[in-house]
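The following note sets out numbered remarks on the model shown below. Please read each point alongside the sequence and the structure.

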Amino acid sequence: MGLLTNRVERSEIKPGDHIYTYRAVFTYSHHGIFVGGSKVVHFRPERNLDSSTEPSSDLYDPISPRSTCPTFPDCGFRQPNSGVILSCLDCFLRNGSLYCFEYGVTPSVFLAKVRGGTCTTAMSDPPETVIHRAMYLLQNGFGNYDIFQNNCEDFALYCKTGLLIMEKQGVGRSGQASSVIGAPLAALLSSPLKLLMPSPVGVATVTAGMYCMSRYATDIGVRSDVIKVAVEDLAVSLGWAEHHDEAAQENEALSRQLVTL
């Protein structure tokens, strides 16, 4: 891996690695955790997991049915109402190239990466811890998918670091989402400078600098609003447990009404 690309061969990845591949001619990337045995645990919108027979216009195209995968019999396994899914490496890549996300990079390397969603300054936890988180979330879910605050890259980043952003408003851990927001923001902030800088090169340089700094400021490795959260406590920290308790109470009340009737 280098400054220009994080592309790797299949023989180079190890269990616990954060991998990704590009979709729609490099429009966006899809991330997951390689758990060994040619298997990947990743996070997708639930609505697309149930539509496997017709083309989808959503950001994430549907995964093929489990029965059609010739490589791994359990490819496509997930719990009901969960977007965390187990796939074989072939289905995860969908004929795309394989890339490995970098952890513990220096600020200079981070800023040199033009595109977000490829690296972080945060350090990774040991592989066994990463795999434990991914498999635990496969069984228990990762909440509701949100393209800006809780997406596939956020899932992989949490599995690798255990870091959780306590501020629920704004951008999540994803560098890819930060790039989408950071580019227009940088252009907006630099627009008044056009009056002071007659040269287009000067404006472009300032805009690029603001874009890089906005990405760096939202990196999970430098943010001050993150804490380490055990995967077993994740549901409580994000408020999922409260929703599960409310649903359980409603179901119990409904059952009592049916019994009474």
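1. At the start of α5, a side-chain oxygen of N151 comes to within 3.0 Å of the backbone nitrogen of E153. A polar contact is a pair of N or O atoms within 3.5 Å; within protein, one must be able to donate a hydrogen and the other to accept it, and residues adjacent in sequence count only if both atoms are side-chain atoms. Helices (H or I, at least four residues) and strands (E, at least two) are DSSP runs, numbered from the N terminus. After α5 comes G162, whose phi is positive, near 75 degrees.

2. On the basis of the note: this is a predicted model, in which local features need pLDDT of at least 70 and side-chain atom pairs count only at pLDDT 80 or more, while totals for chains, interfaces and linings use all residues. Residues are numbered from 1 along each chain as its sequence is written, and side-chain values use heavy atoms, with hydrogens and water left out.

3. Ten of the ten residues of α5 are buried, so this helix is largely enclosed by the rest of the structure. Buried means under 20% relative accessible area, exposed over 50%, and partly exposed in between (1.4 Å probe, protein chains only). Five strands form an open sheet in the order β4-β3-β2-β1-β5, with antiparallel pairing. Two strands pair if DSSP finds at least two bridges between them. β4 and β5 (99-100) are at the edges, each with a single partner strand, so one side of each is left without a neighbour in the sheet. β1 and β5 run antiparallel and are joined by two bridges; I19 stands opposite C100 in β5.

4. Two helices meet this sheet. α4 lies across β2, β3 and β4 and runs at about 105 degrees to β2. α5 packs on the sheet and touches β1, β2, β3 and β4, its direction making about 35 degrees with that of β2. Axes are lines fitted to C-alpha atoms, for helices over the stretch in contact, and angles run from 0 to 180 degrees between N-to-C directions. Contact means heavy atoms within 4.5 Å.

5. The largest nonpolar core has 24 residues, of which I33, V41, L137, F142 and F155 touch the most other members. At least two residues of this core come from each of β2 (28-36), β3 (39-43), β4 (84-88), α4 (127-140) and α5 (152-161). Apart from it lies another core, of ten residues, including I13, V40, L98 and C100. A nonpolar core is a set of buried Ala, Val, Leu, Ile, Met, Phe, Trp, Tyr and Cys residues joined through side-chain atoms within 4.5 Å. In soluble globular proteins, nonpolar side chains tend to be buried together.

6. Which residues does L137 contact, leaving aside its neighbours within four places in sequence? They are V84, F142, F155, Y158, C159, V231 and L234.

7. Y99 lies in strand β5 and is buried, with a relative accessible area of 8%. Not counting residues up to four places away in sequence, Y99 touches T5, N6, R7, V8, H18, I19, Y20, T21, Y22 and F26. Y99 and Y22 are 77 residues apart along the chain, and their C-alpha atoms are separated by 8.7 Å.

8. The count of salt bridges comes to five, a salt bridge being a side-chain nitrogen of Lys or Arg within 4 Å of a carboxyl oxygen of Asp or Glu. One of them joins D90 to R10, with the closest N and O atoms 2.7 Å apart. D90 belongs to helix α2 (residues 89-93) and R10 to the segment before β1, so the pair ties together parts that are 80 residues apart in sequence. D90 is partly exposed at 35% relative accessibility, and R10 is partly exposed at 45%.

9. D125 forms a salt bridge with K228, the closest N and O atoms being 2.9 Å apart. D125 is in the loop between α3 (107-112) and α4, and K228 is in strand β7 (residues 226-228), so this pair ties together parts that are 103 residues apart in sequence. D125 is buried, with a relative accessible area of 17%. A network of salt bridges links D125, R133 and K228. R223 and D225 also meet through their side chains in a salt bridge (2.9 Å, N to O); R223 counts as buried at 16% relative accessibility, whereas D225 counts as partly exposed at 24%.

10. Two backbone angles deserve a look. Most residues other than glycine have a negative phi, and most peptide bonds are trans. V25, although not a glycine, has a positive phi of about 55 degrees; V25 is found in the loop between β1 (18-23) and β2 and counts as exposed at 78% relative accessibility. N81, also not a glycine, has a positive phi of about 60 degrees. N81 is placed in the loop between α1 (46-49) and β4 and counts as exposed at 67% relative accessibility.
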